[in-house]
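I opened the model and kept notes as I went. The entries follow in the order in which I looked things up.

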Amino acid sequence: MQQKIIFFAIIALVGISVNYAYSQEIGLATFQETAQVIIDKRITQIVTSSITLQSTSIQEIKIPTELEQRIRENENISAVIITNQDKCVLGVNGESCILINVKRNPEDTNFLKIQNSTLKISEQFIDEINDIFDTKAKLHSTFIQPSDETNTALQTSGVVSGKGTVSAAYTMPMEDTDSMYEKISAILIPKTIRDSGGFYDAAKNLSTDENAKMTFSIIPSGSKSLLQLRVSTTYSEIAPSIDKINPLELLKTNELKRSEYFSTGFYPLNSIVQVAILSSENTNISDVRGNIIPTQIIDNEKIPIDITKKGWVFDPEEGQMIQGKYIFGKETTVSSNELKFSLGGDSMLEEKQEFDESILVVIIITIVAIAAALFYLKGYKK
């Protein structure tokens, strides 16, 4: 069975240099593009590579205002998902799915009550969803998610496979990922963003891979919904043997460009490359080809000192779960060679920088902006 659909919360870092702090304002747009590679040596032995376009604005990912509001204000719905992921829930084979995920009512003491409560909610939305996306999904089953083991290991939000979630699964004929992505993105993504290239084009290219799958999610969160369009592909049983990591090779490209949608200002935190390694044994980052950005620790988070510079922040850089985030700084592209690194070697090649009191002054000045950015970029983790 292929790896379950997962939602990996985006944890990005922010910092600022002295000169930059006083000369130019950091922009933080609602639209975000993320390239992600998860190397799971611990549970599934699978490598998952994905490109995600997301926003909290229905002007940037277009769904009808009334539908978004009704989904968000229904406190029982944790997510609405359209996907051609194989086996979206147990018992579904060779079909695409629309899942309406509902929080289980603790007063429902048997399956029939759980099913009736779930369908009572999902039936309020499925016809409208079918109309918007030109689909004809029919009810297949209701499925009670049994555990959150994968979510716990990956620190994901649990909106798909979290314990306590019940999925109303509606199915439709399977569609090739490239044609499904072309169709869904044309409905959701405004022409100005599609024409701006960047990670949108990378996702379009990734969608042609034979193992590629597509997922669109609406995740209610407070006063807004997180809207995500994701294309992913998997590599089965290769994770244990990987010790040299080339993220762009796993993303089926030699170069990754930022979207020109951000060209009107400086938005260093809206295009991120992430790599996560899950291991059953301790390991460490080594032989980093590109830059490593000097950091300071603020509230137990590694914060880049200067986000005008391109490079990696690894936090942690050793252990059984390693995470790396690459930011572009003022650059608009990154090549395959710049992102390569290894596991288990001796040389980190990290640039050292002594603490500068002037940096502390800037950190104090910008602490509100940093806190806001961290909250935004940590995602909608529940």
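How many residues does helix H6 have, and how far does H6 reach from its first C-alpha to its last? I found twelve residues, 177-188, and a reach of 16 Å, close to the 16 Å expected at 1.5 Å a residue. The expected span is 1.5 Å times one less than the number of residues. Helices (H or I, at least four residues) and strands (E, at least two) are DSSP runs, numbered from the N terminus.

Notes on the model. This is a predicted model, in which local features need pLDDT of at least 70 and side-chain atom pairs count only at pLDDT 80 or more, while totals for chains, interfaces and linings use all residues. Residues are numbered from 1 along each chain as its sequence is written, and side-chain values use heavy atoms, with hydrogens and water left out.

Entry on H6. I listed the buried residues of H6 as Thr177, Met180, Tyr181, Ile184, Ser185 and Leu188. Down the axis of H6 these buried residues fall within an arc of 115°, so they line one face of the helix. Buried means under 20% relative accessible area, exposed over 50%, and partly exposed in between (1.4 Å probe, protein chains only). The arc is that of the directions from the helix axis to the C-beta atoms.

Entry on H3. Helix H3 (residues 111-122) also has twelve residues and reaches 16 Å from first C-alpha to last, close to the 16 Å expected. In H3 I noted Ile114, Thr118, Leu119, Ile121 and Ser122 as buried. Viewed down the axis of H3, the buried residues fall within an arc of 160°, so they line one face of the helix. Leu112 and Lys120 are exposed on the other side of H3. The buried residues of H3 pack against strands S3 (77-83), S4 (95-103), S5 (138-144) and S6 (165-173), and against helix H4 (126-133). Contact here means heavy atoms within 4.5 Å. At the N-terminal end, Asn110 caps H3, with a side-chain oxygen 3.2 Å from the backbone nitrogen of Leu112.

Entry on Val275. Leaving aside neighbours within four places in sequence, I found Val275 in contact with Val37, Ile245, Pro247, Trp312, Ile322, Gln323, Gly324 and Phe341. The C-alpha atoms of Val275 and Lys325 are separated by 6.6 Å, although the two residues are 50 apart along the chain.

Entry on backbone geometry. I found a cis peptide bond joining Asp315 and Pro316, with omega about 0°. Pro316 is in the loop between strands S14 (311-314) and S15 (318-327). Glu237, a residue other than glycine, has a positive phi near 60°. Glu237 sits in the loop between strands S8 (224-236) and S9 (244-245), and is exposed, with a relative accessible area of 68%. Asp299 is not a glycine, yet has a positive phi of about 50°. The loop that holds Asp299 runs between strands S12 (295-298) and S13 (301-304), and Asp299 is exposed at a relative accessible area of 68%.

Note on methods
Polar contact = N/O pair within 3.5 Å; in protein donor to acceptor, adjacent residues only side chain to side chain.
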